[in-house]
Amino acid sequence: MRHGFPFLRAGMTVGLLGGSFDPAHQGHVQISRAALTQFGLDRGWWLVSPGNPLKAHQPAPLEQRMQAARRVMQHPRIHISDAEAQLGTRYTAQTLRHLRRRYPGVRFVWLMGADNLAQFHRWKDWRQILDTVPVGVLARPGDRISARLSPAARIYAPYRLKEAESQLLAQARTPAWCFINVPMVAASSSAIRARGAWSAS
Ligand SMILES: Nc1ncnc2c1ncn2[C@@H]1O[C@H](COP(=O)(O)OP(=O)(O)OP(=O)(O)O)[C@@H](O)[C@H]1O
Ligand SMILES: O=C(O)c1ccc[n+]([C@@H]2O[C@H](COP(=O)([O-])O)[C@@H](O)[C@H]2O)c1
């Protein structure tokens, strides 16, 4: 069964949380709920990646990660999507170009944890992402400082919305990004894997 591209009305705001979800956990759930509220989004998608281009280890099979993600995240406005596998994309900039073409009039917001902002300058076409899509960054234990001092945060500092302006992010003229200090959950997929609580079947 395919779960890539649900119907979206023009004018909707949609937060995209890309991830390996190997496996999904309560940290993902927490930041997704917080993003819907604090950025005032109509919908959220979990974009389950075929494989992070910067991660060396091979994740569990996509269908296994999709099923686990659906079990963990049950929310009427959050959709679990395998769009990248269907499109054959791994690079976020490329995925965003496809989605914006496919859904004209929909306002996508890229969501990520603070750890990803810290290394965002290593992503392919990272400036194009920031120049074309509003970006919402969510606090993560241990990564708030490195994220704020990162090359992307420093170069794009003039385009940062204050946390109190987070509701404006989705409709803001790009570049625009906003860091929000949500209640933090220390869960991580690597810790779950290290405990042996998840393995490829
Ligand atoms: N506990 C958390 N708090 C805030 N953001 C998180 C948290 N866990 C994951 N994220 C964010 O969710 C997105 C997807 O994360 P991912 O699927 O890589 O999980 P992970 O726990 O970071 O995995 P790993 O430990 O294998 O690196 C990323 O943007 C990541 O920053
Ligand atoms: O486009 C890139 O160069 C790029 C580099 C690293 C990570 N990403 C994306 O960032 C998201 C988070 O990845 P991960 O593995 O930290 O969950 C996921 O959607 C990846 O495809 C994208």
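A residue counts as buried here if 20 or more other C-beta atoms lie within 10 Å of its own. Keep that in mind for strand β5 (residues 135-138), where Val135 and Val137 point one way, Gly136 and Leu138 point the other, and all are buried. What you're looking at is a predicted model, with an ipTM of 0.99 and a pTM of 0.97 for the complex. The chain has a mean pLDDT of 95, and 98% of its residues reach 70 or more.

**The sheet**

- Seven strands make an open sheet, running in the order β3-β2-β1-β4-β5-β7-β6, and the pairing is parallel.
- The edges belong to β3 (78-81) and β6 (160-161): each has a single partner strand, so one side of each has no neighbour in the sheet.
- Helix α1 packs on this sheet and touches β1, β2 (43-48), β3, β4, β5 and β7. The direction of α1 makes about 160 degrees with that of β1.

**A closer look at β5**

- On one side, β5 pairs with β4 in the parallel sense, over four bridges. Tryptophan 110 has valine 135 of β5 as its bridge partner.
- β5 also pairs with β7 (residues 177-180), again parallel and over four bridges.
- Valine 135 turns up in this second pairing too, standing opposite tryptophan 177 in β7.
- Next along, glycine 136 has cysteine 178 in β7 as its bridge partner.

**Around ligand 1**

- Ligand 1 has 19 residues around it, and Gly19, Gly27, Gly113, Ser189 and Ser190 come nearest.
- Which element gives the largest share of the shell around ligand 1? That's α1, with three residues.
- By residue type, the shell around ligand 1 splits into seven nonpolar, nine polar and three charged.

**Around ligand 2**

- Ligand 2 has 16 residues around it; the ones that come nearest are Gly18, Gly19, Ser20, Asn52 and Trp123.
- Two elements give two or more residues to this shell, namely β1 (13-19) and α4 (92-102).
- Six residues of the shell around ligand 2 are nonpolar, seven are polar and three are charged.

- Most residues other than glycine have a negative phi, and most peptide bonds are trans, so exceptions are worth a look.
- Aspartate 22 and proline 23 are joined by a cis peptide bond, with omega about 5 degrees. Proline 23 sits in the loop between β1 and α1.
- Phenylalanine 21 is in the loop between β1 and α1 as well, and its phi is positive, near 45 degrees. Phenylalanine 21 counts as buried because 24 other C-beta atoms lie within 10 Å.
- A cis peptide bond also joins threonine 174 and proline 175, this time with omega about 0 degrees. You'll find proline 175 in the loop between β6 and β7.
- Aspartate 125 has a positive phi too, near 55 degrees. Its place is the loop between α5 and α6 (126-132).
- Is aspartate 125 partly exposed or buried? With 15 C-beta neighbours inside 10 Å, aspartate 125 counts as partly exposed.

- Leucine 149 lies in the loop between α7 (144-148) and α8 (151-155). It is exposed, with 10 other C-beta atoms within 10 Å.
- Leucine 149 and alanine 118 are 31 residues apart in sequence, and their C-alpha atoms are 7.6 Å apart in space.
- Glutamine 94 is part of helix α4 and counts as partly exposed, with 16 C-beta neighbours inside 10 Å.
- Between glutamine 94 and isoleucine 129 there are 9.2 Å from C-alpha to C-alpha, though the two are 35 residues apart along the chain.

Key: Residues are numbered from 1 along each chain as its sequence is written. Chains are lettered from A and ligands numbered from 1 in the order in which they are written. This is a predicted model: local features need pLDDT of at least 70, side-chain atom pairs count only at pLDDT 80 or more; totals for chains, interfaces and linings use all residues. A residue is near a molecule or strand if its C-beta atom, placed from the backbone, lies within 6 Å of it. Ala, Val, Leu, Ile, Met, Phe, Trp, Tyr, Cys and Pro count as nonpolar, Asp, Glu, Lys and Arg as charged, and the others, Gly among them, as polar. A residue is buried if 20 or more other C-beta atoms lie within 10 Å of its own, exposed if 12 or fewer, and partly exposed in between; C-beta atoms are placed from the backbone. Two strands pair if DSSP finds at least two bridges between them. pLDDT is the predictor's confidence in each residue, from 0 to 100. Two residues are in contact if their C-beta atoms, placed from the backbone, lie within 7 Å. Axes are lines fitted to C-alpha atoms, for helices over the stretch in contact, and angles run from 0 to 180 degrees between N-to-C directions.
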